[in-house]
Amino acid sequence: MPRKTHLGDMVCDDDSMPLQRKKVCVIGAGMAGLAAARELRREGHDVTVLEQSGDVGGQWLYNPRLDLADPLGAGEPVKVHSSIYASLRLISARENMGFTDFRFAPKDDDGRDRRRFPGHREVYLYLKDFCDTFGLMEFVRLNTRVLRVAMQQQPTSRCRQWAVRSVDLAKAETEEVFDAVVVANGHYSQPRVPSIQGMEAWSGRQMHSHSYRTPEPFRGEVVVVVGSGESGKDIAMEVRQVAKEVHLVAQSMKEVTPGLAKVLAKHGVSLHVQLLLARLCEDRRAVFGDGSSVVADTVIYCTGYDYSFPFLDTAGAVTVDDNRVGPLFEHVFPPSLAPSLSFIGIPIKVFAPWFFEAQAKWVAQVLSGRRTLPPEEEMLRSVEEWYRSREIAGVPKKYTHDVSRFGITYMDEFGERYCDFPRVEGWNIELLVASYLNMVENLETFRDDYQDTDSIRKGVEAWQLAAKQIHVNQAASVGAQIQSLGLPEQQHMEPSTPRTPQ
């Protein structure tokens, strides 16, 4: 049968063009980076993954260490990558996570967390299992920090390459040239800290949630938690258990969900909600929007994170402006540098790693020539239309990459158009919505107390059976998978040679 080549969302048959094998550098071995590595290898590319930590996992590799000299995370890049705190559990059901052919199913092994909403360690172990199953460690260089990524040749060259300079634990620097670079360094490491009047002169302790690990350091204190998102509420409820009192600062009363209202009614002696933090005073008072104040010991800013690529030099072709990374066609390709530069994992509030897998498959197939991008002008026009649609809808620039505002539609259409992914199943969407509504109504208990509908229950049962069958099939063929690199049946190229980490 003739091989199909895709032009944007169009498909044509062409059996004459050989697929191309590229030398690709993936920056980061977290969820997005591992997804990229697997898909690139499947498409036959020569892959090197550079990871600054001592193991794979990205954010999910818990690090109890803190940068005590910079608790606000003002330095760029931060010295500690992970922002995970010790007690963190998922707010998404495990059935809503996982790769299409490697389900995030409960494991019976000792020490594994079988809960629907497991702790962070279970996600890390799942990614380790994924890495081992598909033989990805062979291509990962640990303890290797990327210092600079820059174009090797002029932007007008048809054979654009990238020089990547990195440093290892021995402080030995290495520079290599790659045909393409995939940026997958995550976006939950560089703290976004608000500007509060008086914060420079305030004598108490200030820190970002990036530097929060356990509640014990706040025992007996008066703590102000700025930001009532998921992490802000989580941290406020945990710190309340040891602190004298906790004041959770929200932007408006709309942020006080029924679930949070129940928590406040139950723990009203030690947990309070305030509207806005107006200023901080030298006498350690924190003054709120209504003029009331408390003398506080610590302020914890749970105010989100900034996209940060301090190593990336694109001569201004890609910028970050108020958390808008752009221009990026479909949040992946910079039009003027595509396809040699791409980003995996930029969108937020998506099915992860399902969506990262879809992005990675698209990138891998574009690099091989199996799929073709639209002309640069068309891609740029698409980005500008996206920006205009967000502005018309009143969406702030900092939420440019929040595709959840389109529900499942965007993810489904992306998967179908660019990598022939199946649509998200109905029961899975129902589970996502049910979990969210349960969290809104029952903030303290939603992870452990839930009632599945018949359709969700049947969907989960089928999902678990499929996961077991996938595991059996993979266990039987893992040797063959590693040997053949999982290449498609019809491949017009020489077999790719595995790289040995240096």
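At what angle do the axes of H1 and helix H5 cross, and within what distance do they come? In this predicted model, the axes of H1 and helix H5, the latter formed by residues 354-368, cross at roughly 40 degrees and come within 8 Å. That angle makes H1 oblique to H5, and the crossing of these two helices is right-handed. On the H1 side, the contact is made by Met31, Ala32, Ala35, Ala36, Arg38, Glu39 and Leu40, which meet Phe356, Glu357, Ala360, Lys361, Ala364 and Leu367 in H5. Sorted by class, the residues of this contact are nine nonpolar and four charged, with no polar residues.

Helix H1, which spans residues 31-42, also packs with helix H2, residues 120-133, at an angle of about 15 degrees, and the axes of this pair lie 11 Å apart. Because angles under 35 degrees count as roughly parallel, H1 is described as roughly parallel to H2. H1 passes H2 in a left-handed crossing, in which Met31, Leu34 and Arg38 of H1 meet Val123, Leu127, Phe130 and Cys131 of H2. The contact of H1 with H2 comprises six nonpolar residues and one charged residue, and no polar ones.

A search of the whole structure finds five cavities of 30 Å³ or more, and the largest cavity holds about 60 Å³ of space. The lining of the largest cavity is formed by Arg65, Leu66, Asp67, Asp70, Gly73, Val78, Lys79, Val80, His210, Ser211 and Arg213. By class, this lining has five charged, three polar and three nonpolar residues.

Definitions and conventions
Residues are numbered from 1 along each chain as its sequence is written. This is a predicted model: local features need pLDDT of at least 70, side-chain atom pairs count only at pLDDT 80 or more; totals for chains, interfaces and linings use all residues. Side-chain values use heavy atoms; hydrogens and water are left out. On a 1 Å grid over the protein atoms alone, a cavity is a set of points where a 1.4 Å probe fits but cannot get out, and a pocket is an open set with protein on both sides within 12 Å along at least five of seven lines; lining residues have an atom within 4 Å of a point. Grid points are joined across faces, edges and corners, and a volume is the space filled by probe spheres set on the points. Ala, Val, Leu, Ile, Met, Phe, Trp, Tyr, Cys and Pro count as nonpolar, Asp, Glu, Lys and Arg as charged, and the others, Gly among them, as polar. Axes are lines fitted to C-alpha atoms, for helices over the stretch in contact, and angles run from 0 to 180 degrees between N-to-C directions. Helices (H or I, at least four residues) and strands (E, at least two) are DSSP runs, numbered from the N terminus. Angles under 35 degrees count as roughly parallel, over 145 as roughly antiparallel, 65 to 115 as roughly perpendicular and the rest as oblique. A crossing is left-handed if the near helix is turned anticlockwise from the far one by less than a right angle, and right-handed if clockwise. Contact means heavy atoms within 4.5 Å.
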